[in-house]
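Here is a short briefing on one protein model.

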Amino acid sequence: MRVAIIGAGILGASAAYHLALAGAEVVVADAAHPGRATAAGAGIVSPWSSGRVDAGWRRIAEAGARYYPELIARLAEDGETETGYRRVGALSVAADGAALDQIEQAIRRRRDAAPEAGELTRLSPAEARALFPPLHPALGGVFLSGGARVDGRLITAALRRGAERHGARFVAGEAGLLTAADRVTGIRLADESIAADCVIVAAGAWAPALLQPLGLALPVQPQRGQITHLQLEGTETGDWPVVLPPSSHYLLAFGSSRIVVGATRETGSGFDHRVTAAGQAEVLNEALAIAPGLGRATLLETRIGFRPAGPDLRPLLGRAGPEGLVIGNGLGPSGLTIGPFAGRLLAQLALGETPAIDLADYAPLRPAAAPDAAMDSI
Ligand code: FAD
């Protein structure tokens, strides 16, 4: 069986890896658009710390976080150990003790139903600063040990190399869909047409234009995120936890003294690939209010990513439109959490298998679910 995939962000790369592992013939086309979300994503993987209540989002986000250790172990069998994934813990912070009480209670409820979320510990301001030294001295915390972070670029590159090791072929360039009668029959590149039994469209925020010629209106739009990378010279930051203030902003750390702070959520941005003065100011002001100790850091770069934002928080995953088409999209602000698991679900669909979870809540062309009051929280 041959499966073609359009898009090699975290979702398409994961689908390719799982299909190749299952022995399918896989071809992946990717146009490397500036602003692909996976290359800009922060990398927080701690859905248990999130205030979002939508059950459809919680089910798949928690399944995505739970799947990571298994995937990381599988990639290691393929020699892929550079993923940037680490369970550094997630530190929710607030200055107000009553607010921390509420956060603690909510996370404890979720953690009790999900042992993989780890241990929950209340921290004094001094204890919180011991874990993340630049923090504001007035902030206390609630620390969840199972929270993790991942480097979107590294894990996607690892999935791609792993897929190639199992026979997948990746081609560079803009792809279109080939159709005949009422089915999708493959993909078309500038100088090549590739027939396929099934095509997975995992083209992120660019997918609506690709599907529009088929008469399919995918309810996805780009939501710009501006996110800044700082360096704290001479400081080992690789074990520092993810920091989650009550706002939609956050801080996290990787090795090589790198701190990532973000991000803007600019609905209606279109594909405007610019760092704006207001965006940069928002990101830095929010970060320095939480962690004034970052004031001495070097500003390395600000990345732009277009989150593929669906009509609500739930991803769009499933068969839709003509025979032979599978759609994966709408990962929005949580695609680095959900993407590897969702890629596995897309692979199962393409192979005609029953997906690991019921996809009824995630039908690609469904109407929006009720809005979640905590939509913009982490
Ligand atoms: P993308 O990564 O955008 O990939 C789509 C790919 O399809 C691109 O490479 C594009 O070039 C290609 N493509 C499109 N059209 C075509 C075509 N016609 N032919 C060929 N190729 C095509 N998630 C978390 O879980 N935790 C976080 O902390 C987090 N932080 C984020 C912070 C920011 C600032 C942003 C922007 C996102 C964040 N996310 C986070 C969300 C996550 O990054 C995205 O949901 C996820 O990366 C989406 O992956 P994707 O593969 O669907 O899309």
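A residue is buried if 20 or more other C-beta atoms lie within 10 Å of its own, exposed if 12 or fewer, and partly exposed in between, with C-beta atoms placed from the backbone. By that count Ser-256 is exposed, because 9 C-beta neighbours lie inside 10 Å.

This is a predicted model: local features need pLDDT of at least 70, side-chain atom pairs count only at pLDDT 80 or more, and totals for chains, interfaces and linings use all residues. Residues are numbered from 1 along each chain as its sequence is written.

**Overall fold**

- The protein has eight helices and 20 strands. Helices (H or I, at least four residues) and strands (E, at least two) are DSSP runs, numbered from the N terminus.
- Its radius of gyration is 20 Å, close to the 21 Å that the globule rule gives for 378 residues, so the protein is as compact as a globular protein of that length. The radius is taken over C-alpha atoms, and the rule is 2.2 Å times the number of residues to the power 0.38.
- The C-alpha trace spans about 65 × 40 × 40 Å along its principal axes.
- Buried residues make up 51% of the 378.
- Of the contacts with a separation of 6 or more, 74% join residues 24 or more positions apart. Two residues are in contact if their C-beta atoms, placed from the backbone, lie within 7 Å.

**Ligand shell**

- The ligand has 44 residues around it, and Gly-9, Gly-41, Gly-225, Gly-305 and Gly-335 come nearest. A residue is near a molecule or strand if its C-beta atom, placed from the backbone, lies within 6 Å of it.
- At least two shell residues come from each of α1 (10–21), β2 (25–30), β13 (221–231), β18 (298–309) and α8 (335–350).
- α8 gives the largest share, four residues.
- The shell holds 23 nonpolar, 17 polar and four charged residues. Ala, Val, Leu, Ile, Met, Phe, Trp, Tyr, Cys and Pro count as nonpolar, Asp, Glu, Lys and Arg as charged, and the others, Gly among them, as polar.

**Helix α1**

- 11 of the 12 residues of α1 are buried, so this helix is largely enclosed by the rest of the structure. Among them are Ile-10, Leu-11, Tyr-17, His-18 and Leu-19.
- The cover over these buried residues includes β1 (2–6), β2, α5 (152–165), β12 (198–201), β20 (325–329) and α8.
- The 12 residues should span 16 Å at 1.5 Å a residue, and the end C-alpha atoms of α1 are 16 Å apart, which agrees. The expected span is 1.5 Å times one less than the number of residues.
- Gly-23 follows α1 and has a positive phi, near 95°.

**Helix α2**

- α2 (residues 55–77) has 23 residues; they should span 33 Å, and its end C-alpha atoms are 34 Å apart, which agrees.
- α2 bends by about 35° at Tyr-68, and Pro-69 follows within four residues. The bend is the angle between axes fitted to the seven residues ending there and the seven starting there.
- Its buried residues include Trp-57, Arg-58, Glu-62, Tyr-68 and Leu-75. They pack against β3 (44–45), β7 (148–149), α5 and α8.
- Just after α2, Gly-79 takes a positive phi of about 85°.

**Two contrasting sites**

- Thr-185 sits in strand β10 (residues 183–189). Thr-185 counts as buried because it has 20 C-beta neighbours inside 10 Å.
- Thr-185 touches Leu-178, Thr-179, Ala-180, Ala-195 and Gly-324, not counting residues up to four places away in sequence.
- Glu-233 lies in the loop between β13 and β14 (242–244). Glu-233 counts as exposed because it has 8 C-beta neighbours inside 10 Å.
- Leaving aside neighbours within four places in sequence, Glu-233 is in contact with Ser-257 and Thr-298.

**Backbone exceptions**

- Most residues other than glycine have a negative phi, and most peptide bonds are trans.
- Ala-32 has a positive phi of about 45°. It is in the loop between β2 and β3.
- Ser-256 also has a positive phi, about 55°. Its place is the loop between β15 (250–253) and β16.
- The peptide bond from Gly-262 to Ala-263 is cis, with omega near -10°. Ala-263 is in the loop between β16 (258–262) and β17 (266–267).
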